Amino acid sequence: MPPFLVCIHDASPVHARETRTMLRTLSPLVGRRLSMGVVPDWHGEWQLAEHPEYCRMIQEASGELLLHGYFHRRRRGTGPVAWLTDSSDEMNGLDSLQTAALLERGQREFAAAFGSRARGFLPPAWQRGHVHRGNAASSTQLERTGLEHLLGFFSLQSSEGRRIPLATWTWDCGRWRTLGHVGHGVGRVLHSTTRGVPVLAIHPADIARGFWPTILRLVRELIDRGFEPSTPARLLWGSDA
């Protein structure tokens, strides 16, 4: 059966209510075959260590937890992506050393909350900054922090160089709700033209913005067409993380 991915971004105690809603309605459809991008300290105000019940909930409900930045908020500089995403592009504005320090700090708090380091990295706002293959310094950063793969918008890449093309739907695309329709359309086009593995990148904001019924319909549509839910680690290595 062909695989597809469901990944909940912005996993943080600040979004506990929305997280519960998403997990409650997704679990009957995909079980634990979903991944979650975890933010260790959302905007510097929501540390994982202070919310053990939330950490236990998402760990028990998912097949893989990914490191999703550290603050999920850009701390230096600005630019078009920062403006569009309300400064969610955390990795932009950091040099190589700052990037390594942020990844290490995130991994320490991730391990303290969940018992082990994350194997995968999900860049906030899809902006990798200095974290990408093809750069010797960045590859070293990944190895030193225990990260083995990166989940991007167009591809899933392992630190060893394997690449799996993706067709990503996303609805939280920026400041305006209407951009969610664009993100949905982009997913449809990528799926029909690239034949990449379908990925549903969902966010807590999708509930308030009214996209949740659309997302659930798409999950059911993919399952009815014979697609099987999976996780990034299972796609690469045949086992969840």
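Author: A residue is called buried when its relative accessible area is under 20%, exposed when it is over 50%, and partly exposed in between, with a 1.4 Å probe and protein chains only. The model here is predicted, so local features need pLDDT of at least 70 and side-chain atom pairs count only at pLDDT 80 or more, while totals for chains, interfaces and linings use all residues. Residues are numbered from 1 along each chain as its sequence is written, and side-chain values use heavy atoms, with hydrogens and water left out.

Reader: What makes Arg128 a buried residue without a salt bridge?

Author: A salt bridge needs a side-chain nitrogen of Lys or Arg within 4 Å of a carboxyl oxygen of Asp or Glu. For Arg128, which is buried, the nearest side chain of opposite charge is Glu64, 13 Å away, and no salt bridge is found.

Reader: Where is Arg128 found, and which residues is Arg128 in contact with, leaving aside its neighbours within four places in sequence?

Author: Arg128 is found in the loop between β6 (120–121) and α5 (136–145), where helices (H or I, at least four residues) and strands (E, at least two) are DSSP runs numbered from the N terminus. Contact means heavy atoms within 4.5 Å, and beyond those sequence neighbours Arg128 is in contact with Met91, Pro123, Gly152, Ser155 and Gln157.

Reader: Why does the radius of gyration of the protein chain agree with a compact globule?

Author: The radius is taken over C-alpha atoms, and the globule rule is 2.2 Å times the number of residues to the power 0.38. With 241 residues a compact globule would have a radius near 18 Å, and the protein chain has 16 Å, which agrees. Buried residues make up 52% of the 241 residues.

How values were computed: Lys and Arg count as positive and Asp and Glu as negative; His and the chain ends are not counted.
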